[in-house]
Structures are given as structure tokens and as C-alpha cells.
Amino acid sequence: MLSVLRVHLPSDIPIVGCELAPYVLLRRPDKSHGSDDVPESSPLEGHFLRYKCYFYLGLLFASLYHECDVLAGSLPPDSQTFFVWEKCAPFMSLAKSEVGIHENLVTKYRIQSDRKVAICSVHPSEQATLQCLGCVKAKIPVAKSYHCSPKCFSDAWQHHRVLHERAASAVNENGNEDDEMFGGRYNNASAGAVNATLATSQPSANLANGAAPLYPAAVAQRNGGETWFEVGRSKTYTPTADDIGHVLKFECAVVDAETKLTVGHVNTLLTSRVIPAPSPTPRKLIPVSGVDVQGHMEDGRISSGTFTVLSYNILSDASATNELYSYCPSWALSWPYRRQNLLREIVGYRADIVCLQEVQSDHFEEFFSPELDKHGYQALFKRKTSEVFSGSAQTIDGCATFFRRDRFSHVKKYEVEFNKAAQSLTDALVPSAQKKTALNRLVKDNVALIVVLEAKFSNQGVDNPGKRQLVCVANTHVNVHQDLKDVKLWQVHTLLKGLEKIAASADIPMLVCGDFNSVPGSAPHALLAMGKVDPMSSELAVDPLGILRPATKLTHALPLVSAYSSFARVGLSGLEQHRRRMDPATNEPLFTNCTRDFIGTLDYIFYSADSLTVESLLELLDEDSLRKDTALPSPEWSSDHIALLAEFRCKPRIRR
């Protein structure tokens, strides 16, 4: 007979918006084991699997009381009057009682209390005991006002105070806010700490999502004064904001196809409390226009048609291992959580063109393409080749380029496979006896995706009315191995020579985006930014295949400039804070990749300076704000890289 051997969840911490999909190990009637579903439409020897979901309605806390224990000096000096410390008694024990199951295999419950549990904004798995009333007064999202302890808040203060500064800046711009929102309590500077209650909610047996009841009161189970309400009838469940602070229960059983009754033992799982998905701190777009690449003020002419370009290595799930990123909580490293957090971040930037790296094939097809389609993006993808890769074909990552259909139309796509270029190179230059050795060094499966787009918005004004505005966008991920510097340089040079051919065939602006796995000042970076490589560069010394000789051939004629170098230009005021996040020696960001073992810049957006100007840049992140979570990825930021975004304006064309 069909039976359930084991049920477990990939993570026992449920997160709002992240699908919970229990793994169910079955023993079939023939004694074999498997995890395939057995639906009611295809029963196995008279038995099938059915799923339901419930939440628990009952008192979760034994008591809730407040203590004014914020001592002078225990928190940053300018924050002492803004906080309240509230302690909550621990959870009561929850009985794993087997109540009526209603013909199900997996039953999911939510346990609800009469007080909504507040979650720490820094440590989402911890319950909040401290609220920053300054955040409440400033109308900062309430979720960011909670902390689990005074030490938690104190450690996060340098990052947290930025929220206050931004809110104050917004008030200055928009007028004074009502100072009496707390009825005068807030203005009592001698209070030291103010008693207040964390957000509460009354229990409801009929929570609604829009007009339709989400949790019907008619479907309920009761046991010892506890009441459980149904919230779903599928194997998977995605927690909502209404579930925050509540415990979910999963139950698994087998159902008789004829009697519709549960058969055998009921397997039960209790999750921890549902936590909100930590949202990344909003990053501002910083204007840098008014200066050309030499640092001189433009002549004031304004041509219409700006557009934004995002480049982001999102860290593939196959690479996001606990061994590499042990400092990141396992729930924050799980793909169901990271994909939702990444999607929120990417969609929030509202970029016209999006270049992503390390996108797995299955994640492109099943998640990013359909999800971004809902937001008006058309998708293009180039998967890495698989001559070296030994895993599943579905987990091979690649480069994905998306563009807004209302802003651009697709004209042409070019796919660059460096493996094919390596084969052509060895056929032409390497003696037959050395070809295998040469290919072993050059063949690394890296690719590039080049897309030609036509703008649907006006670009030329009165200069060239009616002329098509094309843009060429290259998206690549260069080889990562640090002991193969010759291969990195060869890949970048190969890509640039291909772009040169496209540029020669059409008068078209160029954008070159991606993770080049090369730091500022390296030979690949010099080739991109300067158009050539210093013949005396130490990186040219390691060239066992002779593919970099003579060094004079390592050039290109594209007028490429790094977009983020605009932060370092002279003549612009008000950018001091952003310049501090730049390396003055290279005019590049101090970092775009930040892990426990490495911090540095690997990602770039290059543009052709003869046809495009940079209008604004997405602000860079401060290292101190990231180190509160050790490094990237973290619950707040779901990749080990940061996103780069630049706004460009097409220059007016000069009639010849």
C-alpha cells in the first residue's frame, strides 16, 4: 500500500512571498521509494495524495509586558529618546495533536495570536523587543523600526541613521510634517524611553484578500480550545503578510480513493514563525549630467530620449552554497527566498534594459522570463556552453537580457561562444601536437549575448528627424579563474573585436555590461577603458599559448568609457559622499563584489562616449552597511554582487 515515509521542508523558517514546498518521500505498493506526486486523477492501487492548508487561531502569548530598561549610554547618544523596549514571554508549547484531517496528505495550518508579532529588521528570524519611534514619526516603513535588542540597534545605528537622514531630507523638500502625531509624548526629551505597544491585530476567523474571503470560517478544526482554519488545498503554500508572526503546521497522510478517508499515520511538521521578507534599502539615482568625458560643461543643448541600463550578477543557485557563504542564514541563501528578493529589487529599479549574469537555464524559463514579462519586459537568453560543465543541463547558467517592450523593439541578436572562438584560434595558430593542451586552457564555456535594439522614443529632436535610433547592448560573464589571466584578456579582446565589426556596419551607440572578473587597473580593464594594454604589463608575461603576442594587437577603436567614472569627474558639486565610495586611483567603485574573503570591483557598464552621455547613476553601497551582516549575500541583498545602473542620453547627431 502507498505510505508516507518522511516529510520535511527545505527551510523551517517561512518567509512572506516565498513558496513552501514540502519534500515527501513515499513507499509505493511495489516497495520502491520515490517523491513523485500521486494525484486523485491518477490513484495508485486505490490511493492518492491530497493537500490542504490550515492556520491556528488561539492565544500564542502567556503575557506581554513592557520594561523601560534603555540606559543612558547603552545606545547612540542621539537616539536615547526615540526607543521603547518591550519584552514578550516565550511561546507556549504547541501540541502536535492529530485532529480531523479531511481527506488530505499534506495539511498546512497557520497559528494565529491575538497580538501580531513584530520582527527584527536586522535579524528577521528574531522577535522584536525594541521600536524606534523616530522611524514612526518620520513615517519610515514600520518594519524597519523594529530591533531585537539594544545591542542589535546599536550595532546597526550607522546604517539605520541613514533612514532618518533621508526622511528628514524628504521633509525639508516637501514641508514640515505634523509634530504632534504622538500627542506630545514624543517631544518629552527627558523621558529616556517611551512606553508603547508593538503593532497588534485582533484575531479574525475570516481574513480576506480583496473582496473574497481568504480563510473561510466554515472550514475549521478544534482541539482542546485550539481552532485551525483552512488556508489552501495544494501541496505548496506561499505565506502572505497576514501570516507574519504565526506558526504553520504541515500534515501528511494517504487518502483512500473510494472512501476519501485518511489511511495510516499522519506526519506532522511545525514551522517557526512566518517572517517578513527583508527588503533592500532603496538606492537613489544620483544626477551627474552637465559634464562631458573631459570634465567640461556641456553647451546646454538637450536632446530628448534618456534610458536606463542595469547590470547585475545575481549569483546562481548552484553557486550559492552554505560552504562558500556560511555567514548567510540558510533561509536567506535558499533559492525560493532569493528569487523573490532579487525580483523585487530588479523590478524596483524600473530599468529600460536589464543585463543579468549567472541566470540558470531553469530559472530563466520558469521564473525570470515569465515574471518580468508581467512587468512589460521581453527576454533574451544565452546559456553557457557545456563542454566543461558537468552538472545538469538545466542548472547551467548564462546571460539574460531584458528590455521594456514599450521603450525598445528587438532588431537583432548575436551570440558569442568563446569555446568556438578558441577552436578557430587553435586551428589557425597552434600546432596540431599542442591543440589539446591549448583547448584545455581556453575552453571554459563562457559566453556573451549581444542585442541590437531600436528605441521607440524620440532621440534626435530637430537634428535628424525621423531617423532610427539603434542601441547595441553586450552582456557577458568573463572567466573567473585568477590563474588564467591570459584567458580573461583573450575573451575580452575577442568580444571587443566582434563589437567593432558591428560598429563598422552601423552608426550605433555601444553598451558593454557584465561581470568581467577583472579588477580596475588589470589588463582586461585597461583594454576596455583605454583601448589598449601596456606592453610592459606583468599580466602579459603569462602567455603559454602565445595568444597575446604581439601586445600591439591588443587594441580596439571603440570610444568606451566606464559609466561610474562619472562620479569621479571634476566640476560637479554635491557628490562628495559618492566619491568616497570610489577609488581615486582608478575612477571606479571601491567594490561591486563583497564576500568574507574578497572585496573589489568586477562589474562594469561601459558606453560609447561619442554617442551617449551619462545623466545619472545608481548610488553605490557603503561597505560598513554591508558588514553588519558580515558580507554579501545577506538577508537584505541576495547576491554577492551589487547592481549597477546608469541613465544615458543619446547625443544629438552632427550632420556631416
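Reader: What makes Arg 404 a residue that lies over the face of Tyr 377?

Author: In this predicted model, Arg 404 is placed 5.4 Å from the ring centre of Tyr 377. A charge counts as sitting over a ring if CZ of Arg is within 6 Å of the centre and within 35 degrees of the ring normal, and Arg 404 is therefore described as lying over the face of Tyr 377. Arg 407 likewise lies over the face of Phe 457, at 4.0 Å from the ring centre, and Phe 457 also belongs to a cluster that ring pairs form with Phe 307, Phe 408, Tyr 607 and Phe 648.

Reader: Why is the aromatic pair of Trp 331 and Tyr 337 called edge-to-face?

Author: The ring centres of Trp 331 and Tyr 337 are 5.3 Å apart, with 75 degrees between the planes. Rings pair if their centres lie within 6.5 Å, and planes over 60 degrees apart count as edge-to-face, so the pair of Trp 331 and Tyr 337 takes that name.

Reader: How do you know whether Trp 331 is buried or exposed?

Author: Buried means under 20% relative accessible area, so Trp 331, at 3% relative accessibility, counts as buried. Tyr 337, at 0%, counts as buried by that cut-off too.

Reader: What is the average pLDDT of the chain?

Author: The chain averages a pLDDT of 80, and 77% of the residues score at least 70. Over residues 58-105, however, the pLDDT is below 50. Where pLDDT is low, the predicted coordinates should not be read in detail.

Note on methods. Residues are numbered from 1 along each chain as its sequence is written. This is a predicted model: local features need pLDDT of at least 70, side-chain atom pairs count only at pLDDT 80 or more; totals for chains, interfaces and linings use all residues. Side-chain values use heavy atoms; hydrogens and water are left out. Rings of Phe, Tyr and Trp (its six-membered ring) pair if their centres lie within 6.5 Å; planes under 30 degrees apart count as stacked, over 60 as edge-to-face and the rest as tilted. Buried means under 20% relative accessible area, exposed over 50%, partly exposed in between (1.4 Å probe, protein chains only). pLDDT is the predictor's confidence in each residue, from 0 to 100. Contact means heavy atoms within 4.5 Å.
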